[in-house]
Amino acid sequence: MDGRLDNNDPETSAHTINSSPPDSEFTDEEAHLEHQDDYNPQQRLTLVSYQDEDEEIEDDVETNQTLASPVDFSFRKSYKRRRDNSLRQGTLSIAYASLNILNSTLGIGFLTLPSALSQTGLPLGIVLIAIITLLAAGSHIVLVNTGRYLGVRKIEDVGGGALKLGTRGKGITKFVVRSIVAGTGFSLIVSYLKYIKILLHPLAKAWFDSAFLQSSFFLVLVPAIIAAPFTFVRSLSHRTISRMSVIIALTYPVLLGLIASRSMTYAELKILDLNMYKKLLVQDLNWGTLKKHAEQQGIWSGVSTIAFSFASQHLTFPHHRTMRKSSQQTFNITVLLAYTIIFILALPFAVVPYVAFGEMTPLNLFDALPSPNNDGGVDAARVVAAFGLLGTIPFAVFTLREAILRLLHIETEQEEPNRRTQLVATGSIWLISIFSASIGSYATYETYVNFARLLCIALGYLLPSVFFVILYHVKRPAPIVVSSNDGLVSTDALLATDALLARKERQLQKRRSLLRLWWVI
């Protein structure tokens, strides 16, 4: 049969209905009216009813064509478009994804690790760094496992699926989690920009005479202009982000070398003197020293600083979506590789300055080092540290932009913002962040950092733990052998008629419970 005459095709049918010759003298309606005199009254009445039905059909066809038209000038279509699922697959390998996780994790907290050890002591600080590194990596893995269990790919959807509070409660849970993610992203952006200003301000005062070049606005604007081009990409799997991650990752060993060498030089110590480290370990293992830290309540402050240093769980699912192979095993390898590198970098960066300055190690490590123009190595360390923070800002901007667009329901599972909306959202984020970072004193910076620390710890450690416990230890487990419309239902009714399936289900649930126990540990 000729496909051109297929009446089941809606487009063909619509075209057939409206396909009158353009140069004909009469329309179908005029032709009917012209010959109405040839019919009797009953036929005329029937003809009129047929004409009314034809008009209704034509109106429906025009309406359907209008709704299906690709050109829609409604406000809704002016800022969003239908999501192309073929572009949702990631493109990054394990190495590139690991570097993205590394760069999104290392930030201000990484630079404050020496002060955390001054609050906890050397032996306890090393143990805490090791434990929290494992906890942070495990939190990423558990979040993705939970998302796979629920069939979702957003952290707010994990919360909504785990709590299961009904339609309204699920919506409230998603709104709260998205708000926390948005607050985390904004506080991190402003904190990064303010800390870059703190790093570069002494250099600007030493190198420039212009008041404008020394101003807070200029020292915030220049880093923002440098980092902004990397934030207008649609996904973290873009090759611009990947190449930036490679370059930024290479700056951390350079920063570690500069900080370690200059700290030991001004403390008049040898960096490879193992007896010195051993003596300090024995000294800090003294019960009196541990009691002193506990009485000063510095241990908990040090724990929160270390936890903040390794928290990037607000980007767990975006990182997972960027991977070419998004299997659970591949993601686990990626996370463990990233956090192994982080631990290797963090441990000497925390230990060496603490050994050099002891309990007098300041929160801003550069306050213990010489002022600019007195040591080129310290000046270079300031620039390298600022450059490293520039590579972390795009991840925070992506976090904030995605959270805002989802809060406004512009980005959903079926729709996504168009290019213009994405540019407007990113530009607005930069304008507000630059203004917020340009004003306020050092106390304002501490406020932003403490707010970011609180949200990162809640989002990275507390909320995943709550979701995990509720989903796997409070809710009834989802069936494995038999699928159902709702994953969190009892399987008794489904398996009551088949003893073999019931036995197999119990065996698989037992294995899964052992795996959950390992996740809990």
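Two residues are taken to be in contact when heavy atoms lie within 4.5 Å. With neighbours within four places in sequence left aside, V335 is in contact with I101, A137, H140 and I141. V335 is found in helix α16; helices (H or I, at least four residues) and strands (E, at least two) are DSSP runs, numbered from the N terminus. The relative accessible area of V335 is 0%, so V335 is buried, where buried means under 20% relative accessible area, exposed over 50%, and partly exposed in between (1.4 Å probe, protein chains only).

The structure is a predicted model, in which local features need pLDDT of at least 70 and side-chain atom pairs count only at pLDDT 80 or more, while totals for chains, interfaces and linings use all residues. Residues are numbered from 1 along each chain as its sequence is written, and side-chain values use heavy atoms, with hydrogens and water left out.

Turning to the chain as a whole, the protein has 21 helices and 2 strands. Of its 521 residues, 46% count as buried. Among contacts between residues at least 6 apart in sequence, 82% join residues at least 24 apart. The accessible surface comes to about 27400 Å², and 61% of this belongs to carbon and sulfur atoms; the areas come from the Shrake-Rupley method with a 1.4 Å probe, and for residues only the protein chains shown count as cover.

A nonpolar core is a set of buried Ala, Val, Leu, Ile, Met, Phe, Trp, Tyr and Cys residues joined through side-chain atoms within 4.5 Å. The largest such core has 110 residues, of which F110, F310, F366 and W430 touch the most other members. Helix α16 (residues 328-357) gives the largest share of this core, 15 residues. Apart from neighbours within four places in sequence, F310 is in contact with T105, I129, I132, T133, A136, Y339, I342, A346 and Y461. Helix α6 (residues 113-120) is mostly covered, with 7 of its 8 residues buried; among them are L113, P114 and L117. G121, which follows α6, has a positive phi, near 90°.

Aromatic rings also deserve a look. Rings of Phe, Tyr and Trp (its six-membered ring) pair if their centres lie within 6.5 Å; planes under 30 degrees apart count as stacked, over 60 as edge-to-face and the rest as tilted. By this rule there are 6 aromatic pairs. One of them, formed by Y442 and Y445, is tilted, at 5.4 Å centre to centre and 45° between the planes. Because Y442 and Y445 are 3 residues apart in helix α19 (residues 442-474), about one helical turn separates them. Y442 is partly exposed, with a relative accessible area of 37%, whereas Y445 is buried at 4%. Ring pairs also link F110, Y252 and F349 into a cluster.

Charged groups come next. A salt bridge is a side-chain nitrogen of Lys or Arg within 4 Å of a carboxyl oxygen of Asp or Glu, and a search of the whole structure finds 6 of them. In one, the closest N and O atoms of R406 and E156 are 2.5 Å apart. This pair links distant parts of the chain, with R406 in helix α17 (residues 376-407) and E156 in helix α8, 250 residues apart. R406 is buried, with a relative accessible area of 4%, and E156 is buried at 5%. D157 forms a salt bridge with K174, with 3.0 Å between the closest N and O atoms. D157 lies in helix α8 and K174 in helix α9 (residues 166-207), so this pair ties together parts that are 17 residues apart in sequence. R321 and E402 form another salt bridge, their closest N and O atoms being 2.8 Å apart. Here R321 belongs to helix α15 (residues 316-321) and E402 to helix α17, 81 residues apart, and both residues are buried. Salt bridges that share partners join E156, D157, K174, R178 and R406 into one network.

K154, in the loop between α7 and α8 (155-163), is buried, with a relative accessible area of 7%. Beyond neighbours within four places in sequence, K154 is in contact with F317, R321, E402, R406, E411 and E413.
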